[in-house]
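Open the structure in your viewer and follow along. Each stop names a selection, then says what is there.

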Amino acid sequence: MDLEHHLHYMRMATKLAKYALDHDETPVACIFVYTPTNQVVAYGMNDTNRSLTGIAHAEFMGIEQIQAKFGALDTSVFQNIILYVTVEPCIMCASALKQLGIQKVVFGCGNERFGGNGSILKIHQDSSTAPKNKYWSLPGLLRREAIMLLRYFYVRENERSPKPRTKANRKLDLTTFPPMDWSSYLSREDFTNIYGSAFLKFYDNRLDLSEKLDWSLIDNNQDLFFQELQAKCEEFSLQTSKKSKPETVS
C-alpha cells in the first residue's frame with residue numbers, strides 16, 4: 001500500500017477524533033480496515049469520560065465491535081486488519097493488539113508517557129508475549145493534526161476529571177510542534193524501505209512528512225461523517241452475516 005492509501009484512512013481516524021472532541025471526549029480515535037476488501041470493519045473512540053472507566057480506550061472499543069461480528073474466541077480476522085489510530089497505542093493496547101495478532105498499526109503522534117509502539121516500549125516487536133504475533137508499525141501520519149486536537153482538549157475544562165484543573169491560563173499553541181523522532185519507531189533502513197531514500201531528509205532532520213496542517217480535519221463538524229462511518233461498519237456487518245462465521249476455538 002502506498003502512502004496516500006494510508007493517509008486516506010488516517011484522515012478518517014482524525015475526523016473521528018474531532019467528532020470525539022466535539023462530544024466531550026478525549027480526541028483519540030481509530031478505525032479498523034479489513035485489507036482483503038479495504039472495508040472499514042469497526043471504529044473506536046476514547047470513552048473514558050462518558051463511562052468513567054480508565055481502560056475504555058479507542059482500540060478496545062473497536063476490538064469489541066470486531067468480536068461482536070466474528071466472535072470473541074476466534075482472533076484470526078485480525079491477521080487481515082490494519083489499525084489506523086491518531087495516537088500511538090499505549091502499552092496496554094499495544095499488548096492487546098499483539099496478542100490478537102493484528103496485521104499492522106498506523107498512527108499519528110507518539111504517546112510520550114505510555115506509548116507501546118516505540119515511545120516507551122516496543123511491545124509490537126517484543127518476544128516475551130505472543131512471540132509469533134509481532135506486527136509492523138508506521139508512525140507520524142497526520143501527526144500535527146493529532147497533536148492539535150489533543151491541545152484543543154487539554155485547554156478545556158474537563159468536568160468529568162477526578163481532579164478538575166483550572167485551565168483558564170493555558171494558551172493554545174497553534175504554530176510550534178516538537179521534532180518528529182523517527183528513530184524511536186523505525187531504523188533508518190526501515191524508513192528507507194517504506195518511503196524511499198528521497199525522504200531520508202525527514203528522518204535525519206526529525207521533520208514531519210508535511211509541515212502543512214490540514215485545518216479542515218480540525219475545524220469542521222464531523223457529525224455527518226460519523227453517521228456515514230457507522231453505515232460503512234453496518235454494511236460490513238450485513239455482508240459478514242450472510243457468510244458462515246469462523247468456527248470458535250474450543
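Start with the whole chain and its surface. The accessible surface comes to about 13000 Å², and 49% of that belongs to carbon and sulfur atoms. This is a predicted model. Of the 250 residues in the chain, 48% are buried.

Now colour by secondary structure. The chain has 9 helices and 5 strands. From the N terminus on, the order is α-β-β-α-α-β-α-β-β-α-α-α-α-α. Next, show contacts between residues at least 6 apart in sequence: 65% of them join residues at least 24 apart.

Select helix H5, residues 143–154. Its 12 residues reach 17 Å from the first C-alpha to the last, close to the 16 Å expected at 1.5 Å a residue. Is helix H5 largely enclosed by the rest of the structure, or open? Helix H5 is largely enclosed, because 10 of its 12 residues are buried. Among them are Arg143, Arg144, Glu145, Ile147, Leu150 and Phe153.

The buried residues of H5 pack against helices H1 (3–22), H2 (48–51) and H8 (216–219). They also pack against strands S3 (81–87) and S4 (104–109).

Last stop: the cysteines. How many disulfides does the structure hold? It holds 0. Cysteine 30 is buried, with a relative accessible area of 0%. Move on to cysteine 233: it is buried too, with a relative accessible area of 5%.

Note on methods:
Residues numbered from 1 in each chain as written. Predicted model: local features only at pLDDT ≥ 70, side-chain atom pairs only at ≥ 80, totals over all residues. Heavy atoms only, no water. Helix = DSSP H or I, 4+ residues; strand = E, 2+ residues; numbered from the N terminus. Buried < 20%, exposed > 50% of the residue type's maximum accessible area, 1.4 Å probe, protein only. Contact = heavy atoms within 4.5 Å. Areas by Shrake-Rupley, 256 points an atom, 1.4 Å probe, with all protein chains shown as cover. Disulfide = S-S within 2.5 Å. Expected span 1.5 Å × (residues − 1).
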